Structures are given as structure tokens and as C-alpha cells.
Amino acid sequence: SGWGTPIGNELWFRILTGSSVQRGLYRTDGTANGTRLVTSHETGALIPVGPGVLLSADDGTQVGRELYLSDGTPAGTILIADLMPTATRSSNPQVIGAFQGRALVLGHEPASGRELWLSDGTPAGTTLLMDLEPGPASFDFRGSAANDRQIMITGPVANSDADPLFSDGTARGTYQLDLFPSNSGFLASNPIAFGADRFLFS
């Protein structure tokens, strides 16, 4: 959000250009002594999860842009998921939001295309939410919002209208709410969490 992201009592921010300061992701408590480099990797959006801060990053090697977890130090910024494990391609994960202590991520892998994933910041806990567009085709993600109980997801699914989808964070608990007859042209958009268990959308 903006040019920095509040994490606890600190602000994490990026320096993209400059000759006197190393480019990369930094964290600061508002003092010179408390401003430190997190990683020199090229980074994207980030969000706190249980053991640290989840972020997308490109380390400039053959791994490409993938998911990393950071404890706020260069040595503690580690790859947790290489969804596209080839020398020439990246999964280009997009960290979207948080749900029940996990990060909601849009990422690409060969078998399922670009789909939604959930991650608790560990390799074992980084899993595909559901292959919404079955096979290698990619889900046309439009937006999401989360409350304490569910995630609301918008985007057309398998050539259907874009009625909203809801998920409790499991494939079994992910479903599409059929609000209008098929082929009505309806496209749910702009989801907003409203209270503990409701959503608004247009």
C-alpha cells in the first residue's frame, strides 16, 4: 500500500533507484540505526504470516520471481515455493490479501495455470486453493475480499457468468453462488468485507 507497508511497529519499504544507497527492501523503526536492509531481491507486495513476512521476489537467478518468507534479515529471506520450477519461467506470484493467518496468493504453475493459492509461510502449507479453471487454463481473477469466515472471489469460471465465489479456505468449501440465470451477462465486482460475516459487491 502506497510506498511502504506497516509490519508490526515498523515500516517496510522499497528503494528502487539510487547511487548512494543499495536498492532493495528495507525495514525501519523510524530511526537511522533502526533502518536495515531486508533483501536486495526485486520484491512485490508483502503480507505478514505466522512465522514472518510473505513476499514475491526475484533473486536474479534461474529461479525467477517466486514466493519467499522473510524474518527481516537478508539471511532469513528464503524461498518457500517455486511454483514454476524451470530455468526460464517464473510463477510471478501476486500476494493479494490475508485470511485466517494465511496469505492469499495468485500464482501460476504448469498443471493448473494461474490460480489462487493459500500460504502459511511454509513449503508444506503453501497449497492450491482450488483449480477454478480446470487444467492448465488460468482463472480470470478480478478481485477478492475476506472476513473472519470466508473469502469472496470474483471472476468468470469455466465459461460461466461471473457470479461470486465463496471459500472457507478449502477446495471442498469453495462454491459459486448462482444469483442469476446462466448467460445473463452478470459480472460480480468490487467485493468488500462488511462486518464479520457479510460482503458487499456490485
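1. Strands, as named in this note, are DSSP runs of E with at least two residues, numbered from the N terminus. The model is predicted. Under that definition, Glu-109 belongs to strand β10, which covers residues 102-109. The side chain of Glu-109 makes a polar contact of 3.0 Å with the side chain of Ser-112. When neighbours within four places in sequence are set aside, Glu-109 is in contact with Leu-83, Met-84 and Trp-117.

2. Side chains of opposite charge can pair when their charged atoms come close. In the whole structure, 4 salt bridges are found. One of them joins Arg-27 and Glu-10, with 2.9 Å between the closest N and O atoms. This pair links distant parts of the chain, since Arg-27 is placed in strand β3 (residues 24-28) and Glu-10 in strand β2 (residues 10-15), 17 residues apart. Arg-27 and Glu-10 are both buried.

3. A further salt bridge is formed by the side chains of Arg-142 and Asp-140, at 2.7 Å from N to O. Is each partner buried, partly exposed or exposed? Arg-142 has a relative accessible area of 44% and is therefore partly exposed. Asp-140 is likewise partly exposed, because its relative accessibility is 35%. The range that applies to both residues lies between the 20% limit for buried and the 50% limit for exposed.

4. Asp-197 and Arg-149 also form a salt bridge, and their closest N and O atoms are 3.8 Å apart. Here too the pair links distant parts of the chain: Asp-197 is in the loop between β17 and β18 (198-200), Arg-149 is in the loop between β13 (143-146) and β14 (151-154), and the two are 48 residues apart. Asp-197 counts as partly exposed because its relative accessibility is 43%. Arg-149, with a relative accessible area of 52%, is exposed.

5. Attention is also drawn to a nonpolar surface patch of about 420 Å². Which residues make this patch? The contributors are Tyr-175, Leu-177, Leu-179, Phe-180 and Phe-201. Leu-179 is located in the loop between β16 (174-176) and β17 (192-194). With a relative accessibility of 37%, Leu-179 is classed as partly exposed.

Methods. Residues numbered from 1 in each chain as written. Predicted model: local features only at pLDDT ≥ 70, side-chain atom pairs only at ≥ 80, totals over all residues. Heavy atoms only, no water. Patch = residues over 30% accessible without salt bridge, like charges linked within 9 Å, V, L, I, M, F, W, Y side chains within 5 Å. Areas by Shrake-Rupley, 256 points an atom, 1.4 Å probe, with all protein chains shown as cover. Helix = DSSP H or I, 4+ residues; strand = E, 2+ residues; numbered from the N terminus. Buried < 20%, exposed > 50% of the residue type's maximum accessible area, 1.4 Å probe, protein only. Polar contact = N/O pair within 3.5 Å; in protein donor to acceptor, adjacent residues only side chain to side chain. Contact = heavy atoms within 4.5 Å.
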